[in-house]
Amino acid sequence: MQLRDPRPSRTAESPGRGRLSDAWTVLRRAVDEARDDRIATTAQALAYSLFLAIPSVLLVALGVFSLVADADDVAGLIDRAGAVMPAEATSLLRDSLQRSTESPASGLVMTVVGAVLAVWTTTGAATTLMQGLTAAFDRDDTRGFVRKRAIALVLVACLVGAAALVGGLLVLGPHLQAWVGDASGSPRATAWLWWSAQWPIVVAGLLFAFAVLLYLGPDVEQPRWQLITPGAVVALVVWLAASAGFALYTANFGSYNKTWGSLSAVVVMLIWLWLTNVALLFGAEVNAEAQRLAAARGDRGAAPRPPARAGQDAAH
């Protein structure tokens with residue numbers, strides 16, 4: 001008489017239950033690896049690197065503005081900026097723009113210098129991100145300087161595109177929707193259509209940007225590129241939840257203006273950049289664990305595990 005094995009067989013599990021079990025295993029291992037890799041500390045360094053790139057980008061924007069603007073445009077910009085900027089900063093901005101508009105050569109120099117600094121600082125921040133993403137796979141980034149900077153330019157383009165998409169649809173979108181609604185004579189229908197369309201576009205655009213970042217960033221051999229990967233989906237969900245929660249906190253419970261005064265915007269920006277970097281790094285940890293689980297089970301689509309870091313095998 002043949003006895004039945006009391007242990008549950010994996011092949012007997014339903015596909016849905018097997019996928020849920022695998023997802024839980026990947027998430028649990030990713031959390032443990034994120035703690036071991038100290039992604040919160042890496043995210044802090046990334047936040048400072050990205051924040052240092054902002055002045056050079058603003059320098060380019062001011063240089064281009066000074067080349068195409070006149071005195072009336074400068075006065076209008078200063079009036080609007082004075083509502084949100086300290087008086088000292090507004091005065092400094094006014095003097096700089098007035099000198100630039102009076103001397104086009106100085107505006108051109110500002111644009112060129114700002115562009116060089118912007119490319120260097122943004123690609124520097126992107127290379128730091130690439131190192132953090134590679135560390136999620138327990139590897140060292142061995143790419144050369146030229147190749148690393150070229151990939152960094154692609155990552156910067158993805159980040160800029162994602163920021164422009166979010167800013168354009170969520171910040172400038174309501175104004176465009178109101179204008180289209182007034183022009184068409186159907187403001188309510190236009191508002192409903194805009195609200196229904198903007199979020200799928202934002203989610204799809206951010207998912208594409210995150211998928212590219214998590215594919216090109218790590219210095220590892222990976223399967224073919226896919227729009228939807230476990231890491232990209234988790235990173236997007238974590239980022240949306242963290243951004244919404246932080247915005248809710250700052251709007252209702254935070255007291256940054258009372259504590260930091262004019263520096264409150266800097267503090268809020270740094271915290272939001274830190275949350276963004278944590279989401280991306282955790283997405284890389286999820287992708288790494290998903291590939292390790294697939295490789296352990298012999299899936300053909302899984303990437304082969306690259307050689308370990310120098311000294312890592314000896315440590316084990």
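**Ground rules.** I am working on a predicted model, where local features need pLDDT of at least 70, side-chain atom pairs count only at pLDDT 80 or more, and totals for chains, interfaces and linings use all residues. Residues are numbered from 1 along each chain as its sequence is written, and side-chain values use heavy atoms, with hydrogens and water left out.

Entry 1: I looked up the largest pocket and found about 1,200 Å³ of space in it. A pocket here is an open set of points on a 1 Å grid over the protein atoms alone, with protein on both sides within 12 Å along at least five of seven lines. Lining residues have an atom within 4 Å of a point. Points are joined across faces, edges and corners, and the volume is the space filled by probe spheres set on them.

I counted 37 lining residues. Ile-54, Leu-159, Ala-163, Trp-272 and Leu-273 lie nearest the centre. Which helix gives the most to this lining? It is α6, with ten residues. Helices are DSSP runs (H or I, at least four residues), numbered from the N terminus. Among the others that supply at least two residues are α2 (39-68) and α11 (264-296). By class, I noted 30 nonpolar, seven polar and no charged residues. Ala, Val, Leu, Ile, Met, Phe, Trp, Tyr, Cys and Pro count as nonpolar, Asp, Glu, Lys and Arg as charged, and the others, Gly among them, as polar.

**Entry 2: the cavity.** I found one cavity of 30 Å³ or more. A cavity is a set of points where a 1.4 Å probe fits but cannot get out. Its lining is Leu-46, Leu-50, Ala-125, Ala-126, Leu-129, Leu-159 and Asn-277. α5 gives the largest share, three residues. The lining has six nonpolar residues, one polar and no charged.

**Entry 3: α8 on α11.** These helices pack at about 65°, with axes 10 Å apart. Axes are lines fitted to C-alpha atoms over the stretch in contact, and angles run from 0 to 180 degrees between N-to-C directions. Phe-210, Leu-213 and Leu-214 of α8 meet Leu-280, Gly-283, Ala-284 and Asn-287 of α11 (contact means heavy atoms within 4.5 Å).

**Entry 4: rings.** My search gave three aromatic pairs. Rings of Phe, Tyr and Trp (its six-membered ring) pair if their centres lie within 6.5 Å, and planes over 60 degrees apart count as edge-to-face. Phe-208 and Trp-225 are edge-to-face, at 5.8 Å and 75°. Phe-208 is in α8 and Trp-225 in the loop between α8 and α9, so the pair ties together parts 17 residues apart in sequence.

Methods
Rings of Phe, Tyr and Trp (its six-membered ring) pair if their centres lie within 6.5 Å; planes under 30 degrees apart count as stacked, over 60 as edge-to-face and the rest as tilted.
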